[in-house]
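Please look at the sequence and the model before reading on.

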Amino acid sequence: MDNFVLPEYGRLEETGNPWTPFCLIDRNDAAVEPVAVFFTELLACGKPSATVRSYGMDLLRWWRFLSAWEIAWDRATRADARDFARWMQIAKKPVRVHWRHRQARSEPPHSGAAALKQQLPPGAPNPITGKASPGAGYGARTRAHCETVLRTFYDFHLSEGSGPIINPFPLDRSRRSGRAHAHHNPRDQFQNERRGRYRVTVPTRQPRRIPDGMFNALFAALKHDRDRALLAFWVSNGARAEELLSSHQRDVLPGQQLIGVVRKGSRAYQQLPCSADAFVWLCLYQERAWRAGVPRGRNEALWWTLRRPWRPLNYPAARAMFDRANSVIGTNWTLHDLRHTAAYRLARDPKVHLTDVQWVLGHTHLSTTQLYLPADRDEVIEHVRAHHARRAQSHDEPPAPPAAGYNPDSLNNLFGTTW
């Protein structure tokens, strides 16, 4: 197990069929029927196709592990699940090479920021933003999500009678017996009392906003009006990256400063207010795009690629665009940080109610929106710097004169200060 390398058996295919959007293929190029039934159950429960894909990637990793050790999926034991959980703690993530760079070639870095990015080891914090880059191994959130998916998968087949009689991914020993939330205090929030035995503790991450100066540098690093319009919308309406990319040309209402998006979780259509600058950049982008031949129509996509053949802009392409802007200034911000930035800006405005911020962000619980009320990392650093500056300035100032009625010589002998 120490030198075990996960073989790349099978794949997760996108079918393009809304009835079965994804299909797990095993090492023999055959569809995995237990996973297909589980995907059907997820879709029947109202889960979006993105959730099915996320679950499918975790199941593909587990299927490759079972195939490497020649273990049938319904014969896996808890010892196998324990070995899999332990392997994910020490294993290295597979390196996926972009299709444009599959042929080995060495190119010099285009800037000093790119050279700095190459020198940083995986997982090291960025010297400008302070954010850690993705590590070489699987993160705690990835391992926790994988454990939850596999436990849910075996629970489904256990209830249907089509799987093993014992779930190889059990609950924690201290949580298996008794009713969940048996002694819950109504004044407290509900805690997760159904924790898996092999589920790791996920550290709490504070939302990170992009400072105004850094955002201006990122905006200046962009080369196209489409990219400027995207950033202006993301930082003003707080929509998720995929939500804005799914908008159509009919969803834009410049006269009312509104743009319609489909929410990620509820799949509800919602019109979000945006800044006037975002619509100005959108107008500039659309004028050039339509002249170049980009499809035009109310039912057409709003965002398109910059080169022929014209294709609707997807999330990986938008992330690559943002990464190129990051490489220019040597930062590692993400698209989701733009949503955090918009939330912090709205929450800091005393004339904007917290419930308004909750509505714009699409949060179900107000407690999620309250995460943006405390000061973030950059604000705390500025406050502490100002504190040290005030202390240094106070040492340089002469002491205040003593109150009337005190003898200065006596105070000088007592405190060692010249008045």
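**Briefing on the predicted model**

The largest nonpolar core holds 38 residues, and those with the most contacts inside it are Leu230, Leu231, Phe233, Trp234, Leu282, Trp303 and Leu338. A nonpolar core is a set of buried Ala, Val, Leu, Ile, Met, Phe, Trp, Tyr and Cys residues joined through side-chain atoms within 4.5 Å. The model is predicted: local features need pLDDT of at least 70 and side-chain atom pairs count only at pLDDT 80 or more, while totals for chains, interfaces and linings use all residues. Residues are numbered from 1 along each chain as its sequence is written, and side-chain values use heavy atoms, with hydrogens and water left out.

- A second, separate core has 35 residues, including Trp63, Ala81, Cys146 and Val149.
- Leucine 231 touches Phe215, Phe219, Leu222, Met321, Phe322 and Leu338, leaving out residues up to four places away in sequence; contact means heavy atoms within 4.5 Å.

**Helix H6**

- Phe215, Leu218, Phe219 and Ala221 are buried in H6, where buried means under 20% relative accessible area, exposed over 50% and partly exposed in between (1.4 Å probe, protein chains only).
- These residues lie on the same side of H6 because they cover an arc of only 160° around the axis, the arc being that of the directions from the helix axis to the C-beta atoms.
- Exposed residues Gly213, Asn216 and Ala220 sit on the face of H6 turned away from its buried side.
- The cover over the buried residues of H6 includes H7, H9, H10 and H11.

**Surface patch**

- Leu158, Ile165 and Ile166 form a nonpolar surface patch with about 320 Å² of accessible area together; areas come from the Shrake-Rupley method with a 1.4 Å probe, and for residues only the protein chains shown count as cover.
- Leucine 158 belongs to helix H5 (residues 140-160).
- Leucine 158 counts as partly exposed because its relative accessibility is 35%.

**Whole chain**

- The chain has 15 helices and five strands.
- Of its 419 residues, 36% are buried.
- The accessible surface of the chain is about 25800 Å², with 52% belonging to carbon and sulfur atoms.

Notes. Helix = DSSP H or I, 4+ residues; strand = E, 2+ residues; numbered from the N terminus. Patch = residues over 30% accessible without salt bridge, like charges linked within 9 Å, V, L, I, M, F, W, Y side chains within 5 Å. Salt bridge = Lys/Arg side-chain N within 4 Å of Asp/Glu carboxyl O.
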